[in-house]
Amino acid sequence: MKGFRASKKGTSLEKVKFDVSEISLLARGNGAEVLVHSIEKNRLFYIYPSDNPNAMEFYFILSGEVTCEIDGEKLIFGPQDHFTAQGLTEPIHFTTLSDFTFLWVVTESVFVHVSKEVSSLMDIVKQVEKKDRYTYMHSDRVAEYAAKIAKQLHLNAGQLGMIAEASLLHDIGKIHIPENILNKPSRLTDEEFAMIKKHPADGAKMLKGTIYEELCPIIAQHHERLDGTGYPLGLKKDEILLESRIIAVSDTFDAMTEDRAYRKAFDAKYALDELKRLVHTHYDKEVVDAFEKVLIEEGKI
């Protein structure tokens, strides 16, 4: 049935095993994740403060015992005990007293940091950046800009997580573009530009069937423009996802403020002025205004 997914015992979306622990991703959606984490006896693990003060982590113990110290008091937790972390100001360390398994529900993306699947996708992104010597660390910078815009717009944790993940993977489809086209110092031919225009859709296709499939529409739309002159579908205005509109601004700003094969980098003020000039035709005014506030707060303009 649409909207319903059933799984049998022992199944998961993805499982990662380390020397002394194992993490299984059971479900994810809208930035939230449900995981099961197993850790061997006499091992330390930590709960760290989140960059997002609104993020919540819920822990429900399935088996085994664990101890920690809070405000000088030693606590022991066992099966069916549970605890919550939100707005932590310092890490809490735990010691497992036996082999230990807990259910872990978190309202932001955490599994991405250990996922083998996303690691393989990021390996492709790094291959793209090696092919195009002018875009080294481009995806990381775009992700940083996009996350700051999203926070300035007060988007929820789910949107923040999806924007960060999609930003890191937005150019993955460029792996299919020949290196000589990516690095061409002169104007592209119509045929060459047609190849470039395929990369958003190609990137979305590469995520199909993975646990990050929900990012496909964001990646597919990151080169769409408000007036319908973008690609690959020529979408207009609100037909374009807000997450894609944020990545479009971040992507363009980074492209303008870094060296390219055909020109030197522009300064931040010039790049922002270009974004503002193209508000309403290419870029979302609310997104550009939020980015301007970010750049002012950081002293970049």
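This is a predicted model: local features need pLDDT of at least 70, side-chain atom pairs count only at pLDDT 80 or more; totals for chains, interfaces and linings use all residues.
Glutamate 14 lies in strand E1, which spans residues 14-17. With a relative accessibility of 11%, glutamate 14 counts as buried, because the cut-off for that class is under 20%. The side chain of glutamate 14 is joined to that of serine 115 by a polar contact of 2.8 Å. When residues up to four places away in sequence are left aside, the residues touched by glutamate 14 are Ile23, Ser24 and Leu25, together with Phe111, Ser115, Lys116, Glu117 and Ile211. Of these, Ile23, Ser24 and Leu25 fall within strand E2, which comprises residues 21-29.

Strand E1 pairs with E2 in the antiparallel sense over four bridges, and the two strands form a hairpin in which three residues lie between them. Within this pairing, lysine 15 has serine 24 of E2 as its bridge partner. Serine 24 also has a bridge partner in strand E3, namely valine 36. E2 and E3, the latter covering residues 32-39, run antiparallel and are joined by eight bridges. They likewise form a hairpin, here with two residues between the strands, and asparagine 30, which is located in the turn, has a positive phi of about 55°.

Among the helices, H2 (residues 138-152) and H3 (residues 157-169) have axes that come within 8 Å of each other and cross at roughly 160°. Because angles over 145 degrees fall in that class, H2 is roughly antiparallel to H3. The contact involves Ser139, Asp140, Val142, Ala143, Ala146, Ala147, Ala150 and Lys151 on the side of H2, and Leu160, Ile163, Ala164, Ser167 and Leu168 on the side of H3. The crossing of H2 and H3 is right-handed.

Helix H3 also takes part in the packing of helix H6, whose buried residues pack against H3 as well as against helix H1 (116-131), helix H5 (190-196) and helix H7 (216-220). In H6, which extends over residues 199-207, the buried positions are His199, Pro200, Asp202, Gly203, Ala204 and Leu207. H6 is followed by glycine 209, for which phi is positive and near 85°.

Terms used
Residues are numbered from 1 along each chain as its sequence is written. Side-chain values use heavy atoms; hydrogens and water are left out. Buried means under 20% relative accessible area, exposed over 50%, partly exposed in between (1.4 Å probe, protein chains only). A polar contact is a pair of N or O atoms within 3.5 Å; within protein, one must be able to donate a hydrogen and the other to accept it, and residues adjacent in sequence count only if both atoms are side-chain atoms. Contact means heavy atoms within 4.5 Å. Two strands pair if DSSP finds at least two bridges between them. Axes are lines fitted to C-alpha atoms, for helices over the stretch in contact, and angles run from 0 to 180 degrees between N-to-C directions. Angles under 35 degrees count as roughly parallel, over 145 as roughly antiparallel, 65 to 115 as roughly perpendicular and the rest as oblique. A crossing is left-handed if the near helix is turned anticlockwise from the far one by less than a right angle, and right-handed if clockwise.
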